[in-house]
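Open the model in your viewer and keep the selection tool at hand. The tour goes from one residue out to its surroundings.

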Amino acid sequence: MSDTARRGWTVRRRLLVMMVSMTALVIALTGMIAFAVQFRSLDERVRAELEQEIQEVTALARSGPQLDDEPFTDADALFFSFLGTSIASPDEAFLALIDGQPEYQSVGERDFAVDHPDVLALIDSTPLEPGRAVIDTVDTQGTTLTVIVADVRLPEEERTGTFVVAIDSGTLAGQVWRRVWTYAGVGLVSLLVVGALADVVLGRLLRPLRELQDATAQISTEDLSRRVEVSGETDIVDLAHRFNAMLDRIEDGVRLQRQFLDDAAHELRTPLTILRGNAELLRPQDPEDVAATRTLMLDEVDRMQRLVDDLLMLARAQRQDFLRPGTTDVTELAVECMERITALGPRQWQLAAHAEGAVVLDRQRVIQAVVQLAANAVKFSDEGSAVELATDWAQDEDPQVWRAQELGARPSSRYLVLSVSDHGTGIPESEQERVFERFGRAESATHVDGSGLGLAIVQAIADAHGGAVGVESVEGLGSRFTVWIPAGGADDPARGRPPAAREEPVRTAG
């Protein structure tokens, strides 16, 4: 089957056919039931009118000519009296027979003759029991007549009397059939209107699906920028929004992969060049040159290993299992961080632990971020200078809350604030934003050893917690890096607890 043939039965066309078919079925069933009831009602009404006329003749025969309950004894008198006082409707006719011969009939203009040979033949062929009536139909004169033939017996009357009432049921049924065709015409017009409206409505409802179809046809790994433009609140619109969100995630993943490859290629090129150059210049017969080259090459391998580890860390930061959160005591967290950072270098290490209580976070990742900030402080400060680790709570109208949210932290009623301050070289204000970029460095830090990924890792850890990281620095005076971790989540056991009263900081010298 060709693509054109397959596309002929789109979702829109299928739904349209289903809707029109269901509407047609409902119209047809409604009409069938309604008109079946009307035809049945017509048949019952015709029979009731026929029987009523016979009952009136019978009643008149019993009441007599003087209406004194002295019955008629003469058939001619009875039929003449009845036809003289009863008026037949335009679709009805009376015929009285004596000894099988037509003697009297109702007057008036009708589309049929009650004494027509077809009617007389029906009367002759109808077996009658004394005093009984039989109803039958006959097709004649272009219509259908429903006829009742009744045997009329009078006391002292030796002749047989037969009274016939005929109703033009074919004409009456034709009126119903005209209504049937009118209903069918109106139903057909209704179907066309419903089909047109359904086509318009389905076109609007399914427009996001067409957009999705076009988008999926145009999306490739080279171009993931296509999005479906939708509005409104329906399930299909929600599907389009989810599709856009999926594309956002895929685009971010592809971007991160490309960034990883670009970063790895860029940063590994230099150490590989050094390794190759030294290997080419190596003099195997010179032991001192071999030893020096070996030391240099091992150092470059170690640097590449650290670089690869950092790049993998940033790549893993986008995975769902990057964090393993748990309830952590804030005071114990500060002490653990302090135990690790004091080994980074000979500084005056200080701890200002103002925060107490519990918070839900990934303890290992947060310690890793603090250690990275402390290592950064050691790199850019002089030996023996003070480096302080501080913990605190920020909530309500605290400017720290506004600062955290301004930097991208998710809204929370409370934040755990971790900061590392040094008295080192500081960062020029114009370069403070780029220090968190991958391989981003201040110009004054180009001589410092490192991959340039440390602060990017800190930001990745903060982002994974829904938090933020920022820096305040004055060139020549030092810097303070701050990490905000939201502590107001629904599963946070510390949510709703007021922060502990601020105590004097515990200071530890190193």
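Helices (H or I, at least four residues) and strands (E, at least two) are DSSP runs, numbered from the N terminus. This is a predicted model: local features need pLDDT of at least 70, side-chain atom pairs count only at pLDDT 80 or more, and totals for chains, interfaces and linings use all residues. Residues are numbered from 1 along each chain as its sequence is written, and side-chain values use heavy atoms, leaving out hydrogens and water.

Select Thr 162. This residue lies in strand β5. Is Thr 162 buried or exposed? Thr 162 counts as buried because its relative accessibility is 11%; the cut-offs are under 20% relative accessible area for buried, over 50% for exposed, and partly exposed in between (1.4 Å probe, protein chains only).

Next, show its contacts (heavy atoms within 4.5 Å). Leaving aside residues up to four places away in sequence, Thr 162 touches Phe 79, Leu 95, Ala 96, Leu 97, Leu 128, Val 149 and Ala 150.

Now select β1 (residues 92–98) and β5 (residues 161–167). Seven bridges join these antiparallel strands; two strands pair if DSSP finds at least two bridges between them. Leu 95 has Val 164 in β5 as its bridge partner.

Widen to the sheet. Five strands form an open, antiparallel sheet, ordered β2-β1-β5-β4-β3. At the edges, β2 (101–105) and β3 (133–140) each pair on one side only.

Finish with helix α3 (residues 75–85). Helix α3 lies across β1, β2, β4 (143–152) and β5, at about 170° to β1. Axes are lines fitted to C-alpha atoms, for helices over the stretch in contact, and angles run from 0 to 180 degrees between N-to-C directions.
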